[in-house]
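I opened the file today to look up domains, core and charge pairs. Notes follow in the order I took them.

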Amino acid sequence: MKPRRLDQILSNYGYCSRSEARLWVKGGRVLVDGIAADSANDKADPAKVFVDGAPIECPEGILALFHKPAGCVCSHGANEGQTVYDLLPARWSRCNPPVATVGRLDRDTTGVLLVTDNGALVQRWTSPKHKVAKVYEVTVNRDLEPRLVELFAAGTLMLEGEEKPCLPAKLEILGPREARLELVEGRYHQVKRMFESQGCEVVRLHRSRFGEFDLAGLAPGQWRLLPISQFL
Ligand code: URA
């Protein structure tokens, strides 16, 4: 990777401030290629920097798969109660560029959520142009009518306040009030609004897949890192 100043590395990767970095280097806590760094101004490849005996985590950037539990929001807002960032390593919230969610899930929605500090990945996976498939497990408050399968597949469903109909979506009715819905868009509250437009309230919403990613054994609130280089 391109060499950068040590104080910049430590602050951009969320370890400490630039002024603290100077103290950390002075204190011998920062090694480059196994040798204690002399000055925070020295340049190094982030992949060769160790802090307190451990390599810089994710030198190429953070990409993680998170099982979002209910009760937290995807915004950074300080006044919205618990956020997904409260459930992820605190260092990630200090990264520059910042760690952000790939799209958003509502507070009460659970399931697959990707988080990354790579803006290009966010753009690629959220852009309508790329048509990333998202699968939702849905429970509604009244019995589902079989006609919804055709209606959602038709690509004609208009949502209130929108100018274009929803793209075709695949609905599988799994039980009287249970369904699986696959979408390639990510409009605001889209799943809830699609069912609401047909007189059903969504009472439980879980995203079981986002593109190629599923939860594969992650319990609610758990996350695991993904090899970002495979996606760049
Ligand atoms: N659609 C919704 O209505 N809510 C979500 O959280 C995700 C998709």
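Entry 1: I count a salt bridge when a side-chain nitrogen of Lys or Arg is within 4 Å of a carboxyl oxygen of Asp or Glu. The model is a predicted one, so I start with a pair that can be checked against that cut-off. R91 and E57 pass, because their closest N and O atoms are 2.4 Å apart. R91 sits in the loop between β7 and β8 (100–101), E57 in the loop between β6 (54–55) and β7, and 34 residues separate the two. I looked up accessibility as well: R91 is buried at 10% relative accessible area, while E57 is partly exposed at 27%.

**Entry 2: other salt bridges.** How many salt bridges does a search of the whole structure find? I get 15. I noted D106 with K192, where the closest N and O atoms are 2.8 Å apart. This pair also links distant parts of the chain: D106 is in the loop between β8 and β9, K192 in helix α5, and they are 86 residues apart. D106 counts as buried at 18% relative accessibility, and K192 counts as buried at 14%.

R142 and E145 form a salt bridge too, with their closest N and O atoms 3.4 Å apart. Here R142 is partly exposed at 35% relative accessibility, and E145 is partly exposed at 29%. I also wrote down a network of salt bridges that links E162, E185, R187 and R193.

**Entry 3: domains.** I have the protein chain divided into domain 1 (4–55), domain 2 (63–127 + 215–230) and domain 3 (133–210). The C-alpha centres of domain 1 and domain 2 lie 27 Å apart. Five residues from domain 1 and four residues from domain 2 take part in the contact. I computed about 410 Å² of buried area between domain 1 and domain 2, with carbon and sulfur atoms giving 36% of that area. What does the rule find across this interface by way of salt bridges? It finds zero between domain 1 and domain 2. For polar contacts, the rule finds three residue pairs across the interface of domain 1 and domain 2.

**Entry 4: the core.** Nonpolar side chains tend to be buried together in soluble globular proteins. I looked for the largest nonpolar core here and found 35 residues in it. V138, F152, L181, V191, M194 and F195 have the most contacts inside this core. Elements giving two or more residues to the core are β7 (63–68), β9 (110–116), β10 (134–140), α4 (147–154), β12 (178–183), α5 (190–196) and β13 (202–210). Where does the core lie relative to domain 2 and domain 3? Both domain 2 and domain 3 give residues to it, so the core lies between them.

I then listed the contacts of L181, leaving aside neighbours within four places in sequence. Among the residues in contact with L181 are Y136, V138, F152, A169, V191, M194 and F195. K134 and K170 are also in contact with L181.

**Entry 5: S75.** I ended with S75, in the loop between β7 and β8. Is S75 buried or exposed? At 8% relative accessibility, S75 counts as buried. The S75 side chain makes a polar contact with the E80 side chain at 2.8 Å. Not counting residues up to four places away in sequence, S75 touches E80, T83, Y85 and R104.

Definitions and conventions:
Residues are numbered from 1 along each chain as its sequence is written. This is a predicted model: local features need pLDDT of at least 70, side-chain atom pairs count only at pLDDT 80 or more; totals for chains, interfaces and linings use all residues. Side-chain values use heavy atoms; hydrogens and water are left out. A nonpolar core is a set of buried Ala, Val, Leu, Ile, Met, Phe, Trp, Tyr and Cys residues joined through side-chain atoms within 4.5 Å. Buried means under 20% relative accessible area, exposed over 50%, partly exposed in between (1.4 Å probe, protein chains only). Helices (H or I, at least four residues) and strands (E, at least two) are DSSP runs, numbered from the N terminus. Domain bounds come from an automatic or database domain assignment. Contact means heavy atoms within 4.5 Å. Buried area is the accessible area (1.4 Å probe) that two parts lose on being put together, summed over both. A polar contact is a pair of N or O atoms within 3.5 Å; within protein, one must be able to donate a hydrogen and the other to accept it, and residues adjacent in sequence count only if both atoms are side-chain atoms.
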